[in-house]
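This report covers salt bridges and domain layout. The structure comes next.

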Protein chains: 2
Amino acid sequence: MNAEMAGRTRVEMVMATIRQRIAGRSLTPGARLPSVRGLAASMKLSTSTVVDAYERLVAEGAILSRPGSGFYVANQAAPFALAEAGPKLDRAVDPLWISRQSLEADEADLKPGCGWLPPSWLPGEGMRRALRTLARAEGPALADYGSPLGLPPLRQLVSRRMGERGIEASPDQILLAESGTQAIDLLCRFLLEPGDTVLVDDPCYFNFHALLRAHRAKIVSVPYTSSGPDLELFAQTLAEYRPRLYITNSAIHNPTGATLSPVTAHRVLKLADQFDLTIIEDDIFADFEYTAAPRLAAFDGLERVIHIGSFSKTLSASARCGFVAARPEWIEGLTDLKIATSFGGGRMTAELVLNVLSDGGYRKHMEILRQRLARAMTEVSAHLKGFGIKPWLEPQAGMFLWCRLPDGIDAADVARAALEKRVVLAPGNAFSLSQSATNFMRFNVSQTLDERVFAVLGDVLGR
Amino acid sequence: MNAEMAGRTRVEMVMATIRQRIAGRSLTPGARLPSVRGLAASMKLSTSTVVDAYERLVAEGAILSRPGSGFYVANQAAPFALAEAGPKLDRAVDPLWISRQSLEADEADLKPGCGWLPPSWLPGEGMRRALRTLARAEGPALADYGSPLGLPPLRQLVSRRMGERGIEASPDQILLAESGTQAIDLLCRFLLEPGDTVLVDDPCYFNFHALLRAHRAKIVSVPYTSSGPDLELFAQTLAEYRPRLYITNSAIHNPTGATLSPVTAHRVLKLADQFDLTIIEDDIFADFEYTAAPRLAAFDGLERVIHIGSFSKTLSASARCGFVAARPEWIEGLTDLKIATSFGGGRMTAELVLNVLSDGGYRKHMEILRQRLARAMTEVSAHLKGFGIKPWLEPQAGMFLWCRLPDGIDAADVARAALEKRVVLAPGNAFSLSQSATNFMRFNVSQTLDERVFAVLGDVLGR
């Protein structure tokens, strides 16, 4: 190495040291950097090397020079980034990749990787009727903020529907939110401090990873089996990491389509008691079930389980409305947080959802939808098997098929290749904290019926 | 003090010590408590005193006993609380008091303290037409999630409207949010780490205090004058606390109704440059203006200023939709955070807002509304003066009158007494970080025209 190269390397070393301290917040925005002389002495470098490094950091905007006073960390140095900083090593397995691709896709694109039904499968006529009904409503429904807990008749209806699944929750224990995601977000604000540990399933809904990162939580995971989390590893993880929270789906698990068994539910709750774990049971796929699976919230009586639901999957993802059901003494604090962070909530969408759900057509619509999904499941499953893509299990209901690709094929490679042909897929590692689902792919059967999906799959897989 | 009392006091001292460590998170959930023997030695107490204290903390649910292993902090010990823990010393000046009372009030209650217009002042017919139009829309508008940035034609319209106020922002620099509050919340997630310092005006919109507390920010404030923040104290505060962010309203300031002057705007921006401060300019009252005040975002070109708007005040608080305009390179990170915390955004309300704003009737409606507010301002102002309640200034526009009560009268006492008569008022200290507005009250003139408000005020003030 010649002298110039060695000099450049030393400058970069100083820059890296300062960047690390800023990223790790041992140097916070506005803080004064070590003096040039002091840092040079402690790193055994010349002052000119440190001056060079500082000047380059000033040019990058990471630090500021105040003549006569020294160098300071720029305030704008590091807005919080969910995606990894720097070059995106593998955007295909980033938790936000599937969301961004699916939401950005235009109507001509195919989205077998997305997590929702095509518009034609949703109760469009019911929604149109609900909109016309709302157009005749009194002024406040169209103009005023919602009440802090959210529209009372919708909370009553949610309470009745939960009762049908064995979960007792009075309307006062139910808080409406702008979506299921917002409901979980609110709970994370309420229950977590930055740095707290949260347990998720492996695989799990990829947005849990993104949401928990936004809360600066540490995430740990336990493998999910066909009947719930692996109990031995679940117990070990609770003992070792003492997570504050466990976020899971119990009815139709995303992405696997698995259903929690009663015996596993019972053991999970016993372990939760033993290790004082709070559980968020995200039940947004509930209406797709044929027969009701056990709910943690039903067994536990909303003692340490918090139940989440929404209408985005079965009614409309455009008119968003979710809810939280929790122990009564938590509702007040959650409501304060809801007001602080979103003020009055979405009254109009709550009115619309109430109108559609009160309409006699909704139950009939759901019956037809469940049958349609069951047929699509059979059809897509058969078709995928023809490509050597094998379902990990045959789900009892829902829209997801969690599949193993032919040996040696990396789902991220397949997803990237398919994206070039305007097909959005959902590669397994986006769902896996341990990155152990390289060979897996989630298919939404309602969005996979199109022959073009299979044409592209065949093409990409070389079959 | 007898021996039993002394013993009880010592037990309580140990309990208080442990509670403080839990509250200050030097003992985090799941952490092991000091051993009984160790704590007894360090506090110079008997082991039986520590055992008593620990057992009482177990009974309270703050800690857990694991036989053979020791005592541990309960995971559920301390969900985050925005409101002060323990007895509510003075709920009337809590930042959440006005929100909760206003949002919980029923239609028969009077709300001169609330921050919105009566439904009959909003464009109800325009909203009804928009709902009927939407009932004829294509399937995806009624069923699908929104795109990550939000409805493109609404972002174009927002861009044009900002251009009319001298703020250049391309549609790609505009991100739709579910409300103005959610927009600011998203920015706090993006720009703040827990413990960062944020500057607000004193007085300012009370919910800024609540929102910033939810982000675990430190809050500092600077007095607001009739032309903007007090510049000398503004400079001093930047130098002393180096806040990361400043959140303000520049057009029609809440609660004072003051308007930022061009010279103050320029000085604020120079100081922001000098101290590398980012500014959130919350402009949700923009449409109420007669003549456009200077905007920080216009002077600065969205370099270090982020501009926020919404339609909740002029169009509907039921169909909520807000937006952020920011420098282009921040939009990506903000969008990732929006997806992680609320997924697809509220497409249907965005469609409704677009329908109403595209309707020729909206500008006409706003003209009439501004005149109606100006008349109400004159009328309410005269009426209040009759009670010795004096406006701090005569606002150029908007709905708020920031008033000084007769000497020696505490606005919180007045608000509590009025609440018993079902009138929700807005006492000054809810807006004041320094608690220096004991003698002030914010009146919303559109909600103060009712004779019953003055009857209750006269009664409560004894006039």
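A:Arg100 and B:Asp336 are both buried (under 20% relative accessible area; exposed is over 50%, partly exposed in between, with a 1.4 Å probe and protein chains only). The model is predicted: local features need pLDDT of at least 70, side-chain atom pairs count only at pLDDT 80 or more, and totals for chains, interfaces and linings use all residues. Residues are numbered from 1 along each chain as its sequence is written, chains are lettered from A and ligands numbered from 1 in the order written, and side-chain values use heavy atoms, without hydrogens and water.

A:Arg100 forms a salt bridge with B:Asp336 (a side-chain nitrogen of Lys or Arg within 4 Å of a carboxyl oxygen of Asp or Glu). This pair crosses between chains, from helix α4 of chain A to helix α13 of chain B (helices are DSSP runs of H or I, at least four residues, numbered from the N terminus). A:Arg100, A:Glu104, B:Glu332 and B:Asp336 are linked in a salt-bridge network. Over all chains, the count is 48 salt bridges.

| Salt bridge | Closest N and O atoms |
|---|---|
| A:Arg100 – B:Asp336 | 2.7 Å |
| A:Glu164 – A:Arg363 | 3.4 Å |
| A:Arg189 – A:Asp185 | 3.7 Å |

A:Glu164 in helix α7 and A:Arg363 in helix α15 are 199 residues apart. Both are exposed. A:Arg189 and A:Asp185 share helix α8, four residues apart, about one turn of the helix. Both are buried.

Chain A is divided into domain 1 (3-73), domain 2 (91-120 + 362-461) and domain 3 (122-359); the bounds come from an automatic or database domain assignment. The C-alpha centres of domain 1 and domain 3 of chain A are 47 Å apart.

Notes:
Helices (H or I, at least four residues) and strands (E, at least two) are DSSP runs, numbered from the N terminus.
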